[in-house]
Amino acid sequence: MVNRQVDLPEATTSRRRLIASLLAGGAVAATAPFLAGNASAADDSGPSTTAPPHRDSADNPTLNAALDRESRMAATYALAVGSAKGDDKAALLLVHDHHVAYAQALKGYLATTASSASTQPLANPSGSVAAMARQLAALEEETVAIHTSNLASLRGINAASLVASIITVEARHVAALNIIAGTSPIAVA
Amino acid sequence: MNNNTPSQLSRRNILRSGGAIVASGAVLAACGGGQHSGAIARIGSVPEIKKLETEHVTDVALLRTAMSVEKMVAVMLSDSRVTSLAESSVSPFIAKYAAAHETNLSVIAPLVTARGGQAVTEPNAKLMTAYGDNALTLVEAGKSPEDVLHLTLGLESLVAATYQYFVSLTNEAALRADMMRLGAASSRRAAVAAQLIRGGTVGFSPAINKKGEELIATLPTAFGTLSAVQVLLGPVNEVGTRAPLAMDTPSLNSMIY
């Protein structure tokens, strides 16, 4: 048997033309949802608020102040750890390490714009663990208030999220230290 | 010269059969589907899908959701299944915590209305279905007074995590501070609950008991976490453990828009 290739006239539908048309049709079908999505986005009648930035260099002075505070808190705890023993020492060391972590996180966030933080202690905790806890709880309370107040001015979402994650645990520090200081738990809650 | 045996399945035959099948399909589709009144039946037609409404996570939606979470926690802590199990030393804490969450509703309500929203007075139904009802059922089944404090710790940690999470979604900077004031208060209550379970400085750090079970810690992490809050509640099963219940912060499907 002899197979013959028949050339069809240009006007008729050749296989090549059919494939080309299908490809073109597929491309149109594939882009249609995107075009439709853009159209519906343009039609959205949602709130026209401007999304806050992820980072804003205007936050740097506030974050540097927070870094300074955390660095000084860590220095204060370092003194307390030196005066404590046993479980009390371990507990104070844990809180000290938290503040070191906060300072490091803020420094990491600020990167080259981080200023050199002070290592001057905010107090010199001394006496029994209850006495030290009372002093430290007051400092923690102050730190939480500073960070919370700063949140109202931070523009960058990432910086606000970092500070919020610090506040969550520092608020726990306040309550735990107040209980160790001898305050009634019901009064702390 | 081509010596191939001619196939029974020639291109022409395939096209012809294919065309016949498509034509029969079209006839059958047109004959059936009497229920589609007025619509012209065609091959591949599907019922029209109603487009979901586009919702936006606005500051008002976040505040309304926060109200629903506060109300949920207040309702759960006031539930008779919890209060009836609480020991006399714990009852004042539970009552104070529930009252604090009710008070928070009146703190948030003006923030919602000032932004043109409507205050929420009902617990978050989606979260109640997801874990709230289960938690109460487990507490009832367990009949263990310890569960009351564990549930309280879990719920206060959940509220604190919710506000912390909402900071990353809130547009207005001043609102973020307002939210974290409420979140910090819940954090303190969580720390007190943890101290009531495992008190003293020894209770600050995470630890495990002789059986290898994780003990409650007042300061389990350096930074506030956003992962699900795990609580062990309910009766002890045959392996000697209790059901872990994961409580997640509100997400897009549980927000009150």
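Visitor: How do the axes of helix H2 and helix H6 of chain B cross, and within what distance do they come?

Guide: Helix H2 (residues 59-78) and helix H6 (residues 146-167) of chain B cross at roughly 175 degrees, with axes within 11 Å. Bear in mind that this is a predicted model, where local features need pLDDT of at least 70 and side-chain atom pairs count only at pLDDT 80 or more, while totals for chains, interfaces and linings use all residues. Residues are numbered from 1 along each chain as its sequence is written, chains are lettered from A and ligands numbered from 1 in the order written, and side-chain values use heavy atoms, leaving out hydrogens and water.

Visitor: Why are H2(B) and H6(B) called roughly antiparallel?

Guide: Angles over 145 degrees count as roughly antiparallel. H2(B) and H6(B) cross at roughly 175 degrees, so they get that label.

Visitor: What makes H4(A) roughly antiparallel to H7(B)?

Guide: Here too, look at the angle. The axes of helix H4 (residues 129-151) of chain A and helix H7 (residues 173-197) of chain B cross at roughly 150 degrees and come within 7 Å. That makes H4(A) roughly antiparallel to H7(B).

Visitor: Why does His147(A) count as buried?

Guide: Buried means under 20% relative accessible area (1.4 Å probe, protein chains only). His147(A), which lies in helix H4 of chain A, has 2% relative accessibility, so it counts as buried.

Visitor: What makes the link between the side chains of His147(A) and Glu70(A) a polar contact?

Guide: A polar contact is a pair of N or O atoms within 3.5 Å; within protein, one must be able to donate a hydrogen and the other to accept it. The side chains of His147(A) and Glu70(A) are joined at 2.7 Å.

How values were computed:
Axes fitted to C-alpha atoms, helices over the stretch in contact; angles between N-to-C directions. Helix = DSSP H or I, 4+ residues; strand = E, 2+ residues; numbered from the N terminus. Parallel < 35°, antiparallel > 145°, perpendicular 65-115°, else oblique. Buried < 20%, exposed > 50% of the residue type's maximum accessible area, 1.4 Å probe, protein only.
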